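This report describes the fold of a single protein.

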Amino acid sequence: MKLFLEIIGGPMDGQVYSFKKSVTIGRDPNCEIPLQLDNYLSRRHAQILVIPPECFLEDLGSTNGTFIEDERLTQRVLLKNGQHFRVGKTLMQIYWK
């Protein structure tokens, strides 16, 4: 399963990442998805867990939260193909083939 994470709003609008395994999202340059231009992100903000055939989104205790449809995540959430979510001021869409 190949996943794609597209930034559809925020400082890095238009950037697309592809991956096949779990990734972390944050300002830390060591994250697999480094978003250093978004000052509202924690260093290690959230993670996408890939457990084939499913993938999940989980907040890593960030200050400003991780949101799906304006609902702040309080636990791991199953993602749907084409799902939008927000970390900091960055809006993203995840999809897979």
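## The five-stranded sheet

An open sheet of 5 strands has mixed pairing and the order β4-β3-β5-β6-β9. At its edges lie β4 (33-34) and β9 (77-78), each of which pairs on one side only. Strands here are DSSP runs of E with at least two residues, numbered from the N terminus, while helices are runs of H or I with at least four residues. Two strands pair if DSSP finds at least two bridges between them. Strands of a sheet pair through backbone hydrogen bonds, either parallel or antiparallel.

The model is predicted: local features need pLDDT of at least 70 and side-chain atom pairs count only at pLDDT 80 or more, whereas totals for chains, interfaces and linings use all residues. Residues are numbered from 1 along each chain as its sequence is written, and side-chain values use heavy atoms, with hydrogens and water left out.

Strand β5 (residues 46-51) runs antiparallel to strand β6 (residues 54-59), and 6 bridges join them. Within this pairing, Val-50 has Cys-55 of β6 as its bridge partner.

The loop between β5 and β6 contains Pro-52. Pro-52 counts as exposed because its relative accessibility is 64%; the cut-offs are under 20% relative accessible area for buried and over 50% for exposed, with partly exposed in between (1.4 Å probe, protein chains only). Pro-52 is 31 residues from Lys-21 in sequence, and their C-alpha atoms are 9.2 Å apart in space.

## Strand β11 and its partners

Strand β11 (residues 90-96) pairs with strand β1 (residues 3-9) in the antiparallel sense over 6 bridges. In that pairing, Gln-93 of β11 is the bridge partner of Glu-6. Strand β10 (residues 84-87) also pairs with β11 in the antiparallel sense, over 4 bridges, and Arg-86 stands opposite Leu-91. The hairpin of β10 and β11 has 2 residues between the strands, and Gly-88 adopts a positive phi near 60 degrees there.

In a regular strand the side chains alternate between the two faces of the sheet. The covered face of β11 consists of Thr-90, Met-92, Ile-94 and Trp-96, and the uncovered face of Leu-91, Gln-93 and Tyr-95.

## Ser-42 in the β4-β5 loop

Ser-42 is located in the loop between β4 and β5. Ser-42 is buried, since its relative accessible area is 15%. Neighbours within four places in sequence aside, Ser-42 is in contact with Gly-26, Arg-27, Ser-62 and Thr-63, where contact means heavy atoms within 4.5 Å.

## Overall architecture and dimensions

The protein has 0 helices and 11 strands. Its C-alpha atoms fill a box of roughly 30 × 25 × 25 Å along the principal axes.

Of the 97 residues, 45% are buried. Among contacts with a separation of 6 or more, 36% involve residues 24 or more positions apart.

## Surface and charge

The protein exposes about 5500 Å², of which carbon and sulfur atoms supply 45%. Accessible areas come from the Shrake-Rupley method with a 1.4 Å probe; for residues, only the protein chains shown count as cover.

The mean positions of the 12 positive and 11 negative charges lie 5 Å apart. Lys and Arg count as positive and Asp and Glu as negative, without His and the chain ends; each charge is placed at NZ of Lys, CZ of Arg, CG of Asp or CD of Glu.
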